[in-house]
Amino acid sequence: MKTTYFTTLKSLVFGVFFILVSTTTFAASKGDSEGSKEDQPFDTKELIFHHITDSHSFHVAGDFSVPLPVILWTDNGLVTFMSSEFHHDVEGKTIVERNGQRFVNIHEKIYQLDQGAGTATFDEAHHATNAGRPMDFSITKNVFSMFLSLAIILLIFLSTARSYKKSDNNLPSGIAKFMEPIILFIRDEVAIPNIGEKKYAKYMPFLLTLFFFIWINNVIGLIPVFPFSSNLSGNIAFTVTLALITFIITLFSSKKYYWKHMLWMPGLPVPMKIFLAPIEFMGMFIKPIALTIRLFANITAGHIIVLSLISLTFIFKNYFVGVGSVIFVVFISVIEVLVVAIQAYIFTMLSALYFGQALEEEH
Amino acid sequence: MDLITPELGLIFWTGISFLILLFILGKFAWKPILGAVNTREQSIKDALESAEAAKREMENLTADNERILQEARAEREAMMKEAREIKTKMIADAKDEAKESADKMIVQAQAAIESEKKAAVAELKSQVASLSIEIAEKVVKSELSDTDKQLKLVEDMLGNATLN
């Protein structure tokens, strides 16, 4: 028993190291190819923003990218084509024509040119003047990464569930040995203390799904090679959706006391009640907003720090800085391994806390 | 700014993905996993409880045994004591009886001795008397065979029998 734990731990540690080392080498080669093109100063901001924002193709290495499907809902119905039709153009120069509609890719956002317009024109702030955005349901890098995480999560937990079915005394085996402590942690340290012994069971599926969905996507973001490395959980659309789901469940679980406590705080003088009511009411919306921003900012910041440290090498073009930046990247990446787990935990914990508050009864 | 403007497409796909995940995992993963864990915890709890009960029963049994042993010991003690008492009593009784019979025998013996003694004394007396008479007869015969001697006797007797 003990030796298997040890070997898995050892391979885990080696895995992390491999990933960390490959992060730096991979990023280095990528930065190199971009930096040597022109003799301009190295554009750190461009590199970082290219990485942390979404895109319509998945950059693998050098000039090689995996094209992803573009799915648009226009006034004339559904339009689909592969992003490779833009030929890596993000300046709005390559025009893709479908059903008499013209589409361009301007900084990884698909624009539809106005009727009759031949090329995209820009104002001084580089905003397109003769194009609008159709509804964009494309499988972008982040969506692709999310589907990947879906497959990984389903694989992990369906096999976990199967391992319980196979054992006749309900003992965990295989991967379930790793997952069960985490599941029990969510149950015993997150759900039960915040929601209460009686009602926690109803929220367990949501909390577990939430935790692992965030965590696995965070971890995917840390792995720097294709098909991972996306910044999905550092994308505000991702975090806002999850926070919104938490908010909706909070509202649906809320009891009378929740509203009473918020709008007419018991045990306070009337002027104080009137003073507190709007603050508490705003608090109801601030909570999910805080959830959104916390996860988004933490994960994005992690990616920015790692990329900035790597960029140091290309800014200074110096071996010593290179070695130093690799050491710092490894250091920060180890911290990030912790941070991504903690952020997933905090999001789940706060969701459970809000459910607990909503369920609170008069006492 | 691009970074903090949520894209509709990603919101849509995130929502869809999350709900699909929630549905599938809720039905095929969380339910069996949590069920198995709960069943196991319940069975562990039951096993612990039954072990506790068995332990308590064992303790009761031990206590019972102890009590029975104690009782047996007490009983033995009592029996021993009784036996000892009986023994002492028997010895005492025997002693008493022996003493009594000895006393009786002594008394009888004494009585026998006394009566023997009396008989012996009586016989002695009678023998002494007859002997004395015989002797006296002989003496008297011899004394009275000679007048001088008869006279001397009378004189002696008279001499002894001083009149007072």
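In chain A, residues 24 or more positions apart account for 60% of the contacts with a separation of 6 or more, two residues being in contact if their C-beta atoms, placed from the backbone, lie within 7 Å. The structure is a predicted model, in which local features need pLDDT of at least 70 and side-chain atom pairs count only at pLDDT 80 or more, whereas totals for chains, interfaces and linings use all residues. Residues are numbered from 1 along each chain as its sequence is written, and chains are lettered from A and ligands numbered from 1 in the order in which they are written.

Chain A has nine helices and nine strands, which are DSSP runs numbered from the N terminus (helices H or I, at least four residues; strands E, at least two). Of its 363 residues, 36% count as buried, that is, with 20 or more other C-beta atoms within 10 Å of their own.

Strand 3 (residues 69–74) of chain A pairs with strand 4 of chain A in the antiparallel sense over six bridges, where pairing requires that DSSP finds at least two bridges. The two strands form a hairpin with two residues between them, and Pro69(A) stands opposite Met82(A) of strand 4 of chain A. Strand 4 (residues 77–82) of chain A is hardly covered, since the count of buried residues among its six residues is zero.

The axes of helix 3 (residues 141–166) of chain A and helix 5 (residues 200–222) of chain A come within 10 Å and cross at roughly 120°, the axes being lines fitted to C-alpha atoms over the stretch in contact and the angles running from 0 to 180 degrees between N-to-C directions. Helix 3 of chain A and helix 5 of chain A are therefore oblique to each other, a class left after angles under 35 degrees (roughly parallel), over 145 (roughly antiparallel) and 65 to 115 (roughly perpendicular).

How values were computed
A residue is buried if 20 or more other C-beta atoms lie within 10 Å of its own, exposed if 12 or fewer, and partly exposed in between; C-beta atoms are placed from the backbone.
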